[in-house]
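These are notes on side-chain packing, written as numbered points. Please read them alongside the coordinates.

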Amino acid sequence: MHTPEEDARARDAADPGHRHLFLVPPAEGGRHPEVAYLAGNSLGLQPRATREELLADLDAWRRLGVEGHLEAERPWLPYHELLTAPAARLVGARPAETVVMNSLTVNLHLLMVSFYRPAGERTRIVIEDSAFPSDSYAVRSQARFHGLDPDTAVVRLRPRAGEDTLRTQDVLDFLAAEGHTVALLLLGGVNYLTGELMDIPAITAAGRAAGALVGWDLAHAAGNVPLSLHDWDVDFAAWCSYKYLNSGPGALAGVFVHERHLGDPELPRFEGWWSTEAATRFEMTPVSRPPATVEAWQISNPPIFAMGPVRTSLELFDAVGMPALRARSLRLTGYLETLLDEVTADRPLTVITPRDPARRGCQLSVRIGAGSANELTKRLRHEHGVIADAREPDVVRFAPVPLYSTYHDCWRVADALAATVEVDR
Ligand SMILES: Cc1ncc(COP(=O)(O)O)c(C=O)c1O
């Protein structure tokens with residue numbers, strides 16, 4: 001490594017981020033007491049405030065029993081409403097367009113109930129070939145649900161031969177040529193494997209112009225890159241909260257439905273108690289009266305103890321603000337990229353994430369030319385205290401998260417790779 005450790009330390013002193021608000025796990029290997037945590041794209045770290053928040057909600061249950069629905073400090077009946085405005089700010093939506101509920105894939109299915117309605121020659125769902133596998137399972141099962149053959153109903157857009165990421169132009173060209181057959185376009189905003197940030201506004205506009213509905217899986221985009229879902233005219237979107245939103249394993253997820261679809265009585269939707277207007281909920285009538293907001297997509301009464309961590313996290317994002325986070329993200333990721341360039345130059349390692357900062361979030365994915373990704377991440381962890389994330393067979397993902405990662409974490413990644421991966425001969 002040419003870049004000295006002191007260089008990273010100096011950058012941290014000048015640009016410290018908000019690590020003090022998080023609990024960083026102890027390292028099991030290497031010479032540093034804490035891990036260099038680069039896996040926030042998989043599971044974000046625990047904010048210090050989360051425990052207190054959870055304990056307060058537990059305490060309300062202890063003290064109040066059923067009366068907590070109305071009398072808890074944060075009453076349970078309207079608890080989800082506390083999350084709506086901050087979630088809307090995070091993704092560039094109006095409050096009526098955003099709700100926190102369920103988990104990601106459950107939400108994608110509920111949204112596809114409304115927005116995947118194959119008819120005539122317009123039957124296909126378009127995803128990217130490197131979509132997260134569960135998205136592929138979800139859309140294939142939706143096709144089967146409608147009596148279609150998933151092998152023909154699901155179109156997988158591939159990068160050009162020899163390339164790792166999908167070109168926006170290729171998506172636009174596909175839509176121009178075959179858009180009339182597309183019922184739904186459902187892509188990842190930031191690709192989970194390559195870290196590529198798609199051109200969400202351009203692709204959304206082209207998809208809608210072709211007459212398709214356009215949804216986005218924002219699991220790797222929410223809290224990672226600035227989003228303007230309302231202005232971009234996205235039809236719907238869903239995201240999880242356990243990655244960049246640091247709300248804990250399996251945390252409650254978020255949903256966006258554009259306001260042009262709200263209150264549309266023609267849209268199919270599945271309903272339950274929480275789909276009806278709050279004011280009429282206790283009238284105990286057999287027919288629901290859904291509000292003209294995305295809350296109409298809610299079904300069950302929400303798990304209160306799972307909402308506190310999301311609330312805590314969204315408060316943090318509100319306090320720091322996405323513009324400041326994105327600015328630090330560009331600095332940190334740019335630094336990691338420079339350090340990786342040093343290490344990859346003479347080793348069988350290739351960064352496959354786009355080089356253009358405008359086409360990526362904070363994740364850099366490295367393809368390894370020899371050995372297994374799992375083996376490499378195990379060695380990084382046990383020998384150097386570096387936590388990264390393997391996607392077999394050959395990709396290791398590093399995400400310097402602007403809220404809590406440091407320049408020194410980036411330096412440790414490069415130093416550990418230099419020590420672990422042999423130089424090309
Ligand atoms: C892009 C993407 N979509 C979907 C999922 C699956 O989410 P869940 O199991 O929370 O529904 C993940 C999980 O990591 C993901 O990264």
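1. Ring pairs join Phe22, Tyr37 and Tyr404 into a cluster. The model is a predicted one, and the search over the whole structure returns 9 aromatic pairs.

2. One of these pairs is Phe115 with Phe236: the ring centres are 5.1 Å apart and the planes meet at 10°, so the pair counts as stacked. Phe115 belongs to helix α5 (residues 104–115) and Phe236 to strand β9 (residues 236–239), so the contact ties together parts that are 121 residues apart in sequence. Both Phe115 and Phe236 are buried.

3. Phe132 and Tyr192 form an edge-to-face pair, with 5.0 Å from centre to centre and 85° between the planes. This pair also links distant parts of the chain, 60 residues apart. Phe132 is in the loop between β5 (124–128) and α6 (133–145), while Tyr192 is in the loop between β7 (182–188) and α9 (200–209).

4. Two arginines sit over tryptophan rings. The charged end of Arg269 is placed over the ring of Trp297, 5.6 Å from the ring centre. Arg281 lies over the face of Trp274, and here the distance to the ring centre is 3.9 Å.

5. How many disulfides does the model contain? The count is 0. Cys362 takes part in none, and the nearest cysteine sulfur to it, that of Cys410, is 9.6 Å away. Seen from Cys410, the closest cysteine sulfur is that of Cys362, and 9.6 Å is too far for a bond, because a disulfide requires the sulfur atoms to be within 2.5 Å. Cys362 is buried, at 0% relative accessibility. Cys410 is likewise buried, at 0%.

6. Helix α1 (residues 5–14) has Glu5, Ala8 and Asp12 as its buried residues. They span an arc of only 65° around the axis, which means that they lie on the same side of α1. The face turned away from the buried side of α1 carries the exposed residues Glu6, Ala13 and Ala14.

7. What do the buried residues of α1 pack against? Their partners are α11 (322–344) and α13 (407–420).

Key. Residues are numbered from 1 along each chain as its sequence is written. This is a predicted model: local features need pLDDT of at least 70, side-chain atom pairs count only at pLDDT 80 or more; totals for chains, interfaces and linings use all residues. Side-chain values use heavy atoms; hydrogens and water are left out. Buried means under 20% relative accessible area, exposed over 50%, partly exposed in between (1.4 Å probe, protein chains only). Helices (H or I, at least four residues) and strands (E, at least two) are DSSP runs, numbered from the N terminus. The arc is that of the directions from the helix axis to the C-beta atoms. Contact means heavy atoms within 4.5 Å. Rings of Phe, Tyr and Trp (its six-membered ring) pair if their centres lie within 6.5 Å; planes under 30 degrees apart count as stacked, over 60 as edge-to-face and the rest as tilted. A charge sits over a ring if NZ of Lys or CZ of Arg is within 6 Å of the ring centre and within 35 degrees of the ring normal.
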